[in-house]
Amino acid sequence: MKYERLTQEQLKEMHQEFINFLASQSITNEEWEEIKTNKPQVAEDELDVFSDLVWEGVLNNVNYLEHFSPQQLFLFEFTDQHIDLIGIKIENEAVDINTKQGFQWLRDSLLNEDVHIYTSRKALSEDRNKDIFALIKQGAHITKGKLYQYFSGMVEK
């Protein structure tokens, strides 16, 4: 398995897509029930293949990720060749940018000496999607990139 299996909740939400996936392999509902009962490892393998296909589809379309912690914000932009990072570090432990008030403090205090903004660029590995997935596993979230674009206009790359 290249990524990780979808959760039960995710699989329920993708029920129709999973039916289509089985149908593409000429597996009927009755055959699927028999596989689950008599060949549980084959059923597990099918779920793994389906999960990887879903992850590939999602990851292929990712252009931006965000990762928040109480005093840091990491904004990522992905191209075919590299990852651009805009990092924001808060040197004030009383501020938690995970809260509405803390994020408002950040917005109001960008020029404050407690706010450090930096950029970085890193080449992607041969497997762009694995790079993105690794960041998601560390807590990053897929976004449309509005924060990245906002801060990108403020910093030199």
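This is a predicted model: local features need pLDDT of at least 70, side-chain atom pairs count only at pLDDT 80 or more; totals for chains, interfaces and linings use all residues.
**Entry 1: the largest core.** I looked up the largest nonpolar core and found 27 residues in it. I then asked which members touch the most other members. They are Leu-59, Leu-65 and Phe-78.

**Entry 2: where the core comes from.** Helix 4 supplies the largest share, 6 residues. I also checked the domains: domain 1 (8-60) and domain 2 (64-156) each give at least three residues to this core.

**Entry 3: Leu-65.** I looked up what Leu-65 touches, leaving out residues up to four places away in sequence. The contacts include Phe-74, Leu-75, Phe-76 and Phe-78. Further along the chain, Leu-65 touches Ile-132, Leu-135 and Ile-136, and also Ala-140, His-141, Ile-142 and Thr-143.

**Entry 4: helix 2.** I asked which residues of helix 2 are buried. I noted Phe-18, Phe-21 and Leu-22. Seen down the axis of helix 2, these fall within an arc of 95°, so they line one face of the helix. In general, an α-helix has 3.6 residues a turn, so residues three or four places apart point the same way. Helix 3 and helix 4 are included in what covers the buried residues of helix 2. After helix 2 comes Ser-26, with a positive phi near 60°.

Technical notes. Residues are numbered from 1 along each chain as its sequence is written. Side-chain values use heavy atoms; hydrogens and water are left out. A nonpolar core is a set of buried Ala, Val, Leu, Ile, Met, Phe, Trp, Tyr and Cys residues joined through side-chain atoms within 4.5 Å. Buried means under 20% relative accessible area, exposed over 50%, partly exposed in between (1.4 Å probe, protein chains only). Helices (H or I, at least four residues) and strands (E, at least two) are DSSP runs, numbered from the N terminus. Domain bounds come from an automatic or database domain assignment. Contact means heavy atoms within 4.5 Å. The arc is that of the directions from the helix axis to the C-beta atoms.
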